[in-house]
Amino acid sequence: MNDIEKRVEDVLTRGVGEFIDPDGAFREKLLKKARGEYDKPIIIKYGIDPTRPDIHLGHAVCFRKLREFQDLGCKVVFLVGDYTAMIGDPTGKSKARPMVEFDRIRENTKSFIDQLGAILNVGDKSDSDFFSWITNSDWYFTVTDLIVSDGVNVFSGKDDKQIDRNSIEGKAEVWKESRMQINYLKKKKIESVSFSNLLYTLRHISHAQLLERDMFQERKKKNEPLFMNEMLYPVFQGIDSLVLGKVYGSCGLQLGGTDQTFNMLMGRNVMEIDKQNPQSTLSIRILEGTDGKEKMSKSLGNYISIAEEPGSIFGKVMSLPDSSIVNYFELCTDASLREIDSIKKGIESGDMNPRDAKLRLGQEIVKIYHGEEASREARERFVLMFSKREIPSDIREVKLTGEMSLLDFLVREGFATSRGDARRKIEQGGVEVDGVKVLDRDLTLTDTGKSTIVRCGKKDFARVVF
């Protein structure tokens, strides 16, 4: 196996749950692209519902895989589900997910796209040979969905006359001007989805097919409500692949977590219904959170944001259960599979202390997002604090029954004489939480599922538990 074949094999297998490419067509195109023998674009679709603005390591697992595809010559297209986010993906939810306001979705989208450059090659975020993004409201929103401010007029572009933006004619102009296909992709034709398009697709998808989803079966067993908008969510995802293929000329592969396999296969189904070449699918294994149990999620508090301070990332990695070490190495670092296998065998045989493995793991992860120097400093600081006994072995434990502001905690535990004194100590850099200097005077101590070390000055320590 030569270097190119090895790279392609690695991108299609490392951290992968399932790769569905029945006739091998995608693999062959990818090999040719990597060799410089295929000059057409290979479009990789990745869909997100921007219900939250931050990128954590769980997201980064997929994004790092997307970057590998970019490095092989593919074009990554982020399909931002701003329209379908208002429905809410039922994946992994035992109850219906609340709808998210459209304005909040737009804000989260901007934040998400701004952060992508830490992992992906996004250039100046314009449409390019290697990156693009588009919202699915671009084809789902109709003229009559628009809400336009009263009393504002625009030129119609026909007779150089002003028209009311709230008239049908005015809304049509606003709708056209606001399509990403026109002002971002510079297309002359707009792809859109009508209600009749949806009905045509639904004529080819049975109720029984949609009920095959595990979480729907669980809801039925528990006699919990199952709403039609949730059942249609996979259909909308499938239509997204169909339209994206028309807008960009093709949709060769959709990538997502293993929890998205059903939705991605629906994309294949809908494309076949419309007689398009169906996308291949690549599902990535799910990264567990810092609790080692649940999927990494900000709402569960078991996440590690890529934007966190190096010391905070390092400390959270060191708090991982030993059972998560190998999975994190494979999904979150650039260590070779041979190295990871050696680490796994070392831990299992007792030749390697799991703590030493986590020290390396923490350094590898911090290096990716903050650089070599920051990763080295984070490791040295952690070792200094925890290995060289800067933290006393008899550190007192403080139990909290609910969240508490750091200012109140410092005063209550006698680390500061007043809130003003506590504020000054924070501003002077004298207060740390889990080895990270606190800069936010309004920080609140909350239950993260593990103990928290609070340090004030050189001698005052407390281990906070909930």
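Tutor: Contact here means heavy atoms within 4.5 Å, and by that rule Lys45, leaving aside its neighbours within four places in sequence, touches residues including Val77, Asp240, Ser241 and Gln254. The model is predicted, so local features need pLDDT of at least 70 and side-chain atom pairs pLDDT 80 or more, while totals for chains, interfaces and linings use all residues. Residues are numbered from 1 along each chain as its sequence is written, and side-chain values use heavy atoms, with hydrogens and water left out.

Student: What makes the pair Lys45 and Ser241 a polar contact?

Tutor: The term asks for N or O atoms within 3.5 Å, one able to donate a hydrogen and the other to accept it; the side chains of Lys45 and Ser241 are joined at 2.7 Å, and the pair therefore counts as a polar contact.

Student: Why are β2 and β7 said to pair?

Tutor: Pairing needs at least two DSSP bridges between two strands, and β2 and β7 (residues 253-257) have two, in the parallel sense. Lys45 lies in β2 (residues 43-48), and its bridge partner in β7 is Gln254.

Student: What makes β1 and β4 edge strands?

Tutor: In the open sheet, ordered β1-β8-β7-β2-β3-β4, β1 (16-20) and β4 (131-135) each have a single partner strand, so one side of each is left without a neighbour in the sheet.

Key: Helices (H or I, at least four residues) and strands (E, at least two) are DSSP runs, numbered from the N terminus.
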